[in-house]
Amino acid sequence: MKRILVTGGAGFIGSHLCERLVNMGHDVICLDNYYTGSKENVWHLIGKPNFELVRHDVTQPYWAEVDEIYNLACPASPIHYQHDPIQTTKTAIFGIYHLMGLARRTHCKILHASTSEVYGDPAIHPQPETYWGNVNPIGIRSCYDEGKRCAETLAMDYHRLHGVRSKIIRIFNTYGPKMQAYDGRVITNFVVSALKGEDITIYGDGHQTRSFQYVDDLIEGMLRVMDTTDDFTGPINLGNPGEFSMLELAKLVLELTGSKSKLIFMPLPQDDPRQRKPDITLAKQKLGWEPKVPLREGLQRVIDYFKPRIVV
């Protein structure tokens, strides 16, 4: 049994990770300030002898004796990270700074959850880990994009200078139960609008593409990265290479929900990427990992999750 710290543990991805680790028998400390996370996501774990819930903001130091750290603390949807961009940047940079200090002191492994947003609006498709990206450093998304890029820098510098056992993953669009209904992400936007019978808004012409991975596939990949030897730091892409246009996604949501919602088109937001698709060659070679849940199956699970929660 390991003692594991999960920052952002009450968030969408963090709560799934906490559940998996608790079920594996590990002693889990779930750290969250509830900016975007929710106690409801981990309510079923409270009271278990190997689960501890702590309210804390990672922009401030935290000390505990742990064997592993998963750093997922940062708002990830545009609505949330653009609401307070300065705080977003502070969370990304101060958070990893404090956690790297903790990992150095305790000699533990630390997995930093970075993002496909470090690739920006990519000029290479699909995106391999060797691609340095095409990011606007002063745009409205920069607080998140550049915050995550700088966090990767700190993770690698602590590894090189102090021998911290750092690991970096780059998460591509992930979906599943426990997502917030109004977080501004495309799958929740489409599903919630369809269930309510409201117009589905597509930004741009609908031909921009994304690749969507189901959260269970991501969690499996994260665990495998953490279990790699200390000489492997990444970064490594974790995502589903299946590529869908926004129009294809909207039509599939309409089909699965049986909704009569209409599609409407609005201008594309600033710096919104035209394409996003992971090259997961490294994950296949290093981890023996690739996603298993197809989009149709995963979307049905999300729809079933939201149906009883959406007031029409």
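# Exercises on a predicted model

The largest cavity holds about 30 Å³ of space.

**Exercise 1.** Find which residues line the largest cavity, and sort them by class.

*Solution.* Step 1: count the cavities. The structure has 1 cavity of 30 Å³ or more.

Step 1: list the lining. It is made up of Asn-71, Ala-73, Cys-74, Thr-91, Ala-92, Ile-96, His-112 and Lys-148.

Step 2: sort by class. The lining has 4 nonpolar, 3 polar and 1 charged residue.

Step 3: find the main contributor. Helix α3, residues 85-106, gives the most to this lining, with 3 residues.

**Exercise 2.** Check whether the length of α3 agrees with its number of residues, then work out what the helix packs against.

*Solution.* With 1.5 Å a residue, the 22 residues of α3 should span 32 Å. The expected span uses one less than the number of residues.

Step 1: In α3 they are Thr-88, Thr-91, Ala-92, Gly-95, Ile-96, His-98, Leu-99, Met-100, Leu-102, Ala-103 and Thr-106.

Step 2: recall the geometry. An α-helix has 3.6 residues a turn, so residues three or four places apart point the same way.

Step 3: name the partners. The buried residues of α3 pack against strands β1 (3-7), β4 (68-71), β5 (109-115) and β6 (165-171), and against helices α2 (78-83) and α4 (142-162).

Step 4: look just past the helix. There His-107 takes a positive phi of about 60°.

**Exercise 3.** Describe the largest nonpolar core and the contacts of Met-222.

*Solution.* In soluble globular proteins, nonpolar side chains tend to be buried together.

Step 1: The largest nonpolar core has 65 residues, and Tyr-70 and Met-222 touch the most other members. Helix α7 (residues 246-257) supplies the largest share of this core, 8 residues.

Step 2: list contacts. Neighbours within four places in sequence aside, Met-222 is in contact with Ile-13, Leu-17, Tyr-70, Leu-72, Leu-111, Ile-169 and Leu-238.

Step 3: look for a separate core. Another core, of 23 residues, lies apart from the largest one and includes Val-54, Val-66, Ala-73 and Ile-110. Ala-73 also lines the largest cavity.

**Exercise 4.** Give the volume of the second largest pocket and the classes of its lining.

*Solution.* Step 1: read the volume, which is about 200 Å³.

Step 1: identify the lining. Among its residues are Thr-36, Glu-40, Lys-178, Tyr-305 and Arg-309.

Step 2: sort by class. This lining has 4 nonpolar, 4 polar and 3 charged residues.

Conventions:
Residues are numbered from 1 along each chain as its sequence is written. This is a predicted model: local features need pLDDT of at least 70, side-chain atom pairs count only at pLDDT 80 or more; totals for chains, interfaces and linings use all residues. Side-chain values use heavy atoms; hydrogens and water are left out. On a 1 Å grid over the protein atoms alone, a cavity is a set of points where a 1.4 Å probe fits but cannot get out, and a pocket is an open set with protein on both sides within 12 Å along at least five of seven lines; lining residues have an atom within 4 Å of a point. Grid points are joined across faces, edges and corners, and a volume is the space filled by probe spheres set on the points. Helices (H or I, at least four residues) and strands (E, at least two) are DSSP runs, numbered from the N terminus. Ala, Val, Leu, Ile, Met, Phe, Trp, Tyr, Cys and Pro count as nonpolar, Asp, Glu, Lys and Arg as charged, and the others, Gly among them, as polar. Buried means under 20% relative accessible area, exposed over 50%, partly exposed in between (1.4 Å probe, protein chains only). Contact means heavy atoms within 4.5 Å. A nonpolar core is a set of buried Ala, Val, Leu, Ile, Met, Phe, Trp, Tyr and Cys residues joined through side-chain atoms within 4.5 Å.
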